[in-house]
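Student: I am new to this structure and would like to go through it slowly, asking how each description is reached. Could we begin once it is in view?

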Amino acid sequence: MRFSLLLASAASLLTLAACSETRQAASGSPDGGTLVIATPTDADVLLPPLAATQLSREVCDQVFDHLAEIGDSLQTIGDAGFTPRLAQRWDWARDSLSIAFHIDPKARWHDGQPVRASDVRFTVALYKNPKLASPFTPQVANIDSASVRDSLTAVVWFHQRRPEAFYDIAYQVAILPEHLLRDIAPEKLMTSQFARHPVGTGRFRFARWDAGSRLELVADTANYRGRAHLDRVVYTITPDNNTGFTQLLSGQADLFEITTPDQLAQLKGNAKVRAFPYPSLQYAFMGFNLHDPKQPARPHPIFGDARVRRAISMALDRRGMLRNVFDTLGAIAYGPFPRSLGSADTTLRLPPFDTTHAAALLDSLGWKRGADGMRARDGHPLAFTLQVPTSSRVRMTYATLIQDQLRRLGITVDIGGMQFPEFMAHQDARDFDASLNAYSTDPSPGGYTQNWGSGGAHKGGSNSVGYSNPVFDALLDSALTSFDPARARAYAVRAYQVLADDAPAVWLYDVLTVGAISTRIHTAPLRADEWWAHLADWTIPPAERIDRDRIGLGAAKP
Amino acid sequence: MARRLLARLGQAAVVLWVVLSAVFLLIHAAPGDPFSFDAPNISPAIRAQWRAAFGYDRPLGEQYVRYLSSALHGDLGYSHSMHEPVRDALAAALPRTLLLMGVALALSFALGVWLALVEVRYAGTWRARLTHRVALFFYSLPDFWLALVMLMAFAYWLPLFPAGGIVDPVLHDYMSPGRALLDLLRHLVLPALTLTLLSAAAILRYQRSELLEVLPMDFVRTARAKGLDEHTVLRRHVLRNALLPVITLLGLAFPALLGGALFVEKVFAWPGMGYLAASAIDARDYPLVLASVVVGSCMVIIGNLAADVLYRLADPRLRRQ
Amino acid sequence: MPATSLAAIRHELTRPRRAAAPLGTAAGTRAALAALIVLGVIAIVGPYLWHYRPTAQLDIVALKSTAPSWNHPLGTDRFSRDVLARVLFGTRISLAIAILAVLVSATVGTTYGVVAGYAGGWIDAVLMRLIDALLSVPRVLLLIAVLALWNPVPLWGLILLIGLTGWFGVARQVRAQALAVRDRDFATAARALGAPPWLVAWRHVLPNVLSPVIIATTLAVGDVIVLEAGLSFLGIGAREPMPSLGTMFQDAVAQSVTAWWAVFSPGIVIVVIVMAFNTLGDALRDALDPRQLPGHAMHEHPEPVDA
């Protein structure tokens, strides 16, 4: 309750502030100001095809450009909604197997060199180069190559005519400078100087990175799309959550990416800081290993039976847990997808919360309560370890809640909290009973073929629970090959229902994160896949600027 | 003396090698590796390819020999959690920790010795009892609590000092040298004060018993008999003799502070050695874990060695050996 | 942290010395003893006195983080668990961890020290070099490395790890004592009468080294409680369903502004326990010290002096 009030008051504050902004626009330039973002983890590789951490992606998205940019509705079929970026315009070949992109002649790399069609050719070849080992290789599988028609026209060729061909090249591939990278062996790129000092074409240019401490971007004043409004963005790495929040409250930082509900409660009545909720494409679930961890060829002794999985799903009060963890700011999972995904559907049938039914189901399957109240069958207790990465406070909280709820049903849950690398190692080796996991999709449901399709079920694939159902595979394939968005969506929803009925997981919540932000900062629309997509359009009105906003773009003193 | 020092250095080299090998085994035996970090989109196959590119899929013996030989040639490897060569990461973090610990060490010795004098001088009065109780209280506090309380108190409720970091992330580069130094000091106050309060209590307790040991000795009685007032006796005769063993403590306390610095650095986002070591362990960053543990051990060994040398120089009874 | 970070100082502090005046007051010692007796009783019978179970989540929505009330005198935490029940239980776990761990340290350290000191010669030299090596790795770093790499470590593993990293100082002290006792008249006499070495060590050396071990062990209990709280702060200490006071503190620290009661109670109990053990340790030292090593052995070097 108080949070929605808080949000409402924050929203009205924003409206007020927006009004004052229009007044000030006449008196001063919107350009200028420094945004300080307190973030818990450092960046890794500042090269788009290798960027893995969130901060690296945030930085790469500011420094580099795509050929065209996806619309805020995240439509992935054809080129609907896409707006020009490095490419001013594009022409489809009659057979839809190639697209000619016309590069903006004004576009310049941050070192002053013009952007050429050969950069596109180089970039596509690099993304597909197995020696680079880019995690995006599967996403660009349908792209064959790019060729140079003239210095400003690049033609991208596709293997097959697919609905998401344009999305594949425009969303997944950020264009890189050939003249700076061609002399570096692809396998050395990860540790190259360039990956720590990237040069791109974005409206922010990279300034400096002190590993473990801070990373700075500054406006590219000569940019072909106009300079970023902010002078600079500084990311400060603050591992302790309390410290980061204190930095925000004391004005040392302007934006804090992840707050707890308790911290949000402290914002009440604070005129300088407001909640900053932003959507994402991550969804969290409790996944059941469908195979015996010791003998992968055999079904799991407990979770091999879909009825047990459904009983556990019915025993969990998903709404209560959501309320406990996120207060009123949570987003219940509607099914195996984040709600921001275009194909998300709110009407999927999921096992209802019904402990009586769950108990009866377990009784009927022979899992009877013993003298101590805990269930067993043929001398085997109904007990399992739930693996959770300790780095996720939310998932650790969920684990504790699930443990107590299942105990009441007579199921013993041991919480296996572990550091992420260990968690990952167990997932890879399929060495777990159940785990609290979060998958992140991109705007296309294509990622589902890897995460839930039979193709990813083998060891070393991304489908760690080992789910395999040919009906699901076929429906998903139909969705990905439909050129009509409505039909594609209908197939995807049917595929999700098949997945939900098989219950290889309990769908818990959408990772809908709430940060907190200084009211000085006037944001642009937040895109569901990346809140920072329009960061170059954010402003700090002149009247609200403080010392650090006024230092301008002059070079720092040595 | 020189031969003794050489022998000690030789021992130290052996100790470091043992520590290095043990940590090497320990970290490789643990589950996970530098490429099993949290990034849901990266498939296991790609991770395996990266692993192979850096040789982390080779047999353990081969990795060990290769690490040792390149380390002996001055190449400490590439850190995947800091994304720079290990040497650069150490070069950035070590001075920060030395600054924090150096300041805390100096302050806590000054404070500890002074309070010990107060407690001995005013023995039996409320002043001594209060000092004793307060010191005991700080001595009993977990250091991350004190760090959190200091942060809440002086950066949040009473925002006198910045909440973490080493310098202002934006303005520092634009300040005059004087202002820049002031900025650094402002950021240093809370973490250094936290460490100081925690260790001063320990030093007080130690110094106090040293003072009490010297007090009944003959020369003190002589000094008193000469008619010197109690204050002068304490300062000139008792303290000078009682400070000698504190040198020992100096050598021990410096590396020992590293453990406390680890918590304080985390709370105050102070990217020094403790922070580096903890994040390296979390990320299974093999070369960085090895390097930071070895640096930590080096600090202990150097601390002991320095105490040994200083002690011999300061105590005439041992100088002749 | 005085305890974890300054473990080495502590070893220095607890080494044998002649005390000229008692450190604490008699009233302080009595208060510490009383506190420890109360806490000991709480640790043993406390969990049976209060009807809520420490892990029971009463109502995760309605009773989440409620302020102290008649039903829940210390309030409830973010999982709607009763804080009083948890503190009663956590006191037991914290004390159990600390006492068991220091017993491990004391046993291993005493045995090692007596063997080294009594055997002398090259055995002593090798054993002491090994201690040098072990002491040169910062204890906290070592514990963090092992616990983080193999998280989750079961409770007994945690106790063993803390115990096995805490005996180096004790071993050194005991060795110095044993070395001195070995050549005293009564030991020499026993050897001359043909008593086997283990019997001399058992009958004559051990009783003479016990008092510094007792002092060190008492002081170490406080250290270990603080140490375990620090490990919990990093998420690698005791874990549910066997939470220590440190675990509870860490779990609630993020809500310290909105739900102070969940973080306040375990915090206060930890400080009381640690202060009580430290006061008692000081008092014990005052009481046991006078018959310690003579003269300038108190200036014994932190490093073994080369022969």
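Student: What makes up the secondary structure of chain A?

Tutor: In this predicted model, the secondary structure of chain A consists of 15 helices and 21 strands.

Student: Why are α9(C) and α10(C) called roughly antiparallel?

Tutor: Helix α9 (residues 185–192) of chain C packs against helix α10 (residues 197–233) of chain C at an angle of about 160°, with the axes 10 Å apart. Angles over 145 degrees count as roughly antiparallel, and therefore α9(C) and α10(C) are given that description. Their crossing is right-handed.

Student: Which residues make that contact between α9(C) and α10(C)?

Tutor: From α9(C) come F186(C), A187(C), A190(C) and R191(C), while α10(C) contributes V200(C), R203(C), H204(C) and V205(C); by class, five residues of this contact are nonpolar, one is polar and two are charged.

Student: How many residues does each chain bring to the contact of chain B with chain A?

Tutor: Chain B brings 44 residues and chain A brings 47 residues. On the side of chain B that touches chain A, α2(B) gives the most, with six residues, and the classes on that side are 29 nonpolar, eight polar and seven charged residues.

Conventions. Residues numbered from 1 in each chain as written. Chains lettered and ligands numbered in written order. Predicted model: local features only at pLDDT ≥ 70, side-chain atom pairs only at ≥ 80, totals over all residues. Contact = placed C-beta atoms within 7 Å. Helix = DSSP H or I, 4+ residues; strand = E, 2+ residues; numbered from the N terminus. Nonpolar A, V, L, I, M, F, W, Y, C, P; charged D, E, K, R; others polar. Axes fitted to C-alpha atoms, helices over the stretch in contact; angles between N-to-C directions. Parallel < 35°, antiparallel > 145°, perpendicular 65-115°, else oblique. Left-handed = near helix turned anticlockwise from the far one by under 90°.
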